[in-house]
Amino acid sequence: ALSNGGYYAPVHIIKRVTTVDGKVLYENTYEGAKRVIQPQAVGMMNQMMTRTLLEGTAKKAQFGWPAAGKTGTSQSFRDAWFIGYTANLTTGVWFGNDDNRPTNKVTGGSLPAVTWKEFMIAAHKGVPVAELPGMSGGNSVEEIIVAPAPALKQKAKPLAVMNSETMVAEPVQRKALPIPTSPERTGSTKR
């Protein structure tokens with residue numbers, strides 16, 4: 001429901017049945033979709049889940065489309081997965097052993113993310129790029145403040161803003177911060 005704006009997506013097998021002459025005998029028109037997630041929540045979740053690909057554990061899944069997702073790795077590396085989506089398609093990739101033996105330290109951000117990326121490139125070939133719902137919008141905003149990690153000791157700045165008219169979460173453009181080279185940052189013990 002996050003990829004389609006918050007509407008229930010019923011599972012279906014048959015989209016259309018036609019005769020050899022092209023006469024439509026049956027067509028699933030998908031009418032009357034019920035909203036199951038409010039637009040505000042869709043926008044905020046898509047904003048958050050997009051960060052997984054932009055700066056989180058699924059960087060290897062980036063393929064040039066607006067996309068979001070979640071990596072996962074079970075204890076002892078028995079399972080690793082990436083479940084991601086665009087506005088057009090949701091796909092999950094799992095790696096593991098059927099006998100529950102650990103993998104060779106496969107994580108969700110490694111082979112599953114790369115495999116998902118390759119599949120999505122092929123699946124989206126020739127398809128127009130589409131934004132995820134709730135990822136762009138108007139002008140009036142309310143800030144959502146997310147405090148930085150305590151070790152950074154800097155003033156909290158918003159990661160996203162919420163448009164109060166359209167209830168769309170919008171990313172805040174940020175400048176890259178210089179990387180400190182102090183002994184605390186590098187782990188050096190020289191004095």
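Visitor: Which residues does serine 3 touch, not counting those up to four places away in sequence?
Guide: Serine 3 touches Tyr85, Thr86, Ala87, Thr90 and Pro133. Contact means heavy atoms within 4.5 Å.

Visitor: What kind of model is this?
Guide: This is a predicted model, where local features need pLDDT of at least 70, side-chain atom pairs count only at pLDDT 80 or more, and totals for chains, interfaces and linings use all residues. Residues are numbered from 1 along each chain as its sequence is written, and side-chain values use heavy atoms, with hydrogens and water left out.

Visitor: Back to serine 3. Buried or exposed?
Guide: Serine 3 counts as buried, because its relative accessibility is 15%. Buried means under 20% relative accessible area, exposed over 50%, and partly exposed in between, with a 1.4 Å probe and protein chains only.

Visitor: And where does serine 3 sit in the chain?
Guide: Serine 3 lies in the segment before strand E1 (16–18). Helices (H or I, at least four residues) and strands (E, at least two) are DSSP runs, numbered from the N terminus.

Visitor: How many helices and strands does the chain have?
Guide: The chain has three helices and eight strands. Along the sequence, the pattern reads β-β-α-β-β-β-α-β-β-β-α.

Visitor: Now the open sheet. What is the strand order?
Guide: The order is E3-E4-E5, with antiparallel pairing. Strand E3 (68–73) and strand E5 (90–96) are at the edges with a single partner strand each, so one side of each has no neighbour in the sheet. Two strands pair if DSSP finds at least two bridges between them.

Visitor: What holds paired strands together, in general?
Guide: Strands of a sheet pair through backbone hydrogen bonds, either parallel or antiparallel.

Visitor: How many bridges link E3 and E4?
Guide: Six bridges link E3 and strand E4 (residues 79–85). Alanine 68 is opposite tyrosine 85 in E4.

Visitor: What packs on the sheet there, touching E3 and E4?
Guide: Helix H1 (residues 39–55) does, and its direction makes about 60° with that of E3. Axes are lines fitted to C-alpha atoms, for helices over the stretch in contact, and angles run from 0 to 180 degrees between N-to-C directions. Helix H2 (residues 111–123) also packs on the sheet, touching E4 and E5, at about 140° to E5.

Visitor: How many bridges join E4 to E5?
Guide: Seven bridges join E4 to E5. The two strands form a hairpin with four residues between them. Phenylalanine 82 is opposite valine 93 in E5.

Visitor: Last one. How much of the chain is buried?
Guide: Buried residues make up 26% of the 191 residues.
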